[in-house]
Amino acid sequence: MRLKINGRQEEVVADKLSVVELLKAKDVEMPDMVSVQLNGEILERAAFENTTVKEDDEVEFLYFMGGGRQEVR
Amino acid sequence: MITLPQRILDEIATQAAEEAPNEACGYLAGRDGAAVERYAMTNADASPEHFSFVPHEQFAALKRAREADLELIAVYHSHPETPARMSAEDIRLANDPSTVYLIYSVPERRIRGFTVTREKEVREHDVRVALDDRNTAQLTG
């Protein structure tokens, strides 16, 4: 199926794909550390497993960005 | 290497001062390792010791960069009281091996860049500040 992923048209060899499966296909090893927007709506992480993407969907994903002060190196 | 216009470095310094004692953060957008725009982000943690981005602001920044034919090439945050080094928490939460993590130290008035591999290996990434079209100053090391 054809998807728009992070602004680019891509062909994915699958008829049905969960968000988790799509992230794995895009080499995202830690789906818990990304935010996903599907057709303009931000998904809750708990919904990644049960949300499927379909032909012509627009998917954006960005890594969680954060940090903090602990011991330095 | 990543190149910043002096203007952007000044903006980061100003944002860091204004948001102190909390950490300040944002994205840099550009192309081919040259930063063109800065997108200040809200520190959702509003903390002197932590920062995190707000997802809807992240997606807005991505859209804005794309509309300007730019890419998000770096993430920056300030250390209000500590040196420009990756903390253990910074490394733990550095999940994107393709971006450059910039840290601006308020007391040092210095910015440094790092990349972090999936195996959490930290590598220094050169940062150059473009003073004008003919001259650059290296602020790393």
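Helices (H or I, at least four residues) and strands (E, at least two) are DSSP runs, numbered from the N terminus. The model is a predicted one, in which local features need pLDDT of at least 70, side-chain atom pairs count only at pLDDT 80 or more, and totals for chains, interfaces and linings use all residues. Residues are numbered from 1 along each chain as its sequence is written, chains are lettered from A and ligands numbered from 1 in the order in which they are written, and side-chain values use heavy atoms, with hydrogens and water left out.

Two other backbone features of chain B are found in loops. A cis peptide bond, with omega of about 15°, links Ala20(B) to Pro21(B), and Pro21(B) sits in the loop between α1 (6-19) and β2 (25-31) of chain B. Asp32(B), a residue other than glycine, has a positive phi near 55°; its place is the loop between β2 and β3 (34-41) of chain B.

Turning to chain A, its secondary structure consists of one helix and eight strands, and the elements follow the order β-β-β-α-β-β-β-β-β from the N terminus. Along the principal axes, the C-alpha atoms of chain A fill a box of roughly 45 × 25 × 20 Å. Five strands of chain A build an open sheet with mixed pairing, in the order β2-β1-β7-β4-β5. Because β2 (8-11) and β5 (41-42) of chain A stand at the edges with a single partner strand each, one side of each is left without a neighbour in the sheet. Inside the sheet, β1 (residues 2-5) and β7 (residues 58-63) of chain A run parallel and share two bridges, with Lys4(A) opposite Glu58(A) in β7(A).

How do the two chains meet? The contact (heavy atoms within 4.5 Å) draws on 34 residues of chain B and 25 residues of chain A. Between the chains, about 2,700 Å² is buried, with carbon and sulfur atoms giving 57% of it; buried area is the accessible area (1.4 Å probe) that two parts lose on being put together, summed over both. On the chain B side, Phe59(B), Asn95(B) and Arg118(B) lose the most area to chain A, and together they make up 25% of what that side buries.

Eight residue pairs, both at pLDDT 80 or more, are in polar contact between chain B and chain A. A polar contact is a pair of N or O atoms within 3.5 Å; within protein, one must be able to donate a hydrogen and the other to accept it, and residues adjacent in sequence count only if both atoms are side-chain atoms. At least two residues of the side of chain B that touches chain A come from each of β4 (50-52), α2 (55-67), β5 (71-79) and α3 (88-92) of chain B. The largest share, six residues, is supplied by α2(B).

Strand pairing crosses between the chains as well: β8 (residues 66-68) of chain A and β4(B) run antiparallel, joined by three bridges, and Gly66(A) is placed opposite Ser52(B) in β4(B). Salt bridges (a side-chain nitrogen of Lys or Arg within 4 Å of a carboxyl oxygen of Asp or Glu) number two between chain B and chain A. One of them brings together the side chains of Glu71(B) and Arg8(A), at 3.9 Å from N to O.

Notes
Two strands pair if DSSP finds at least two bridges between them.
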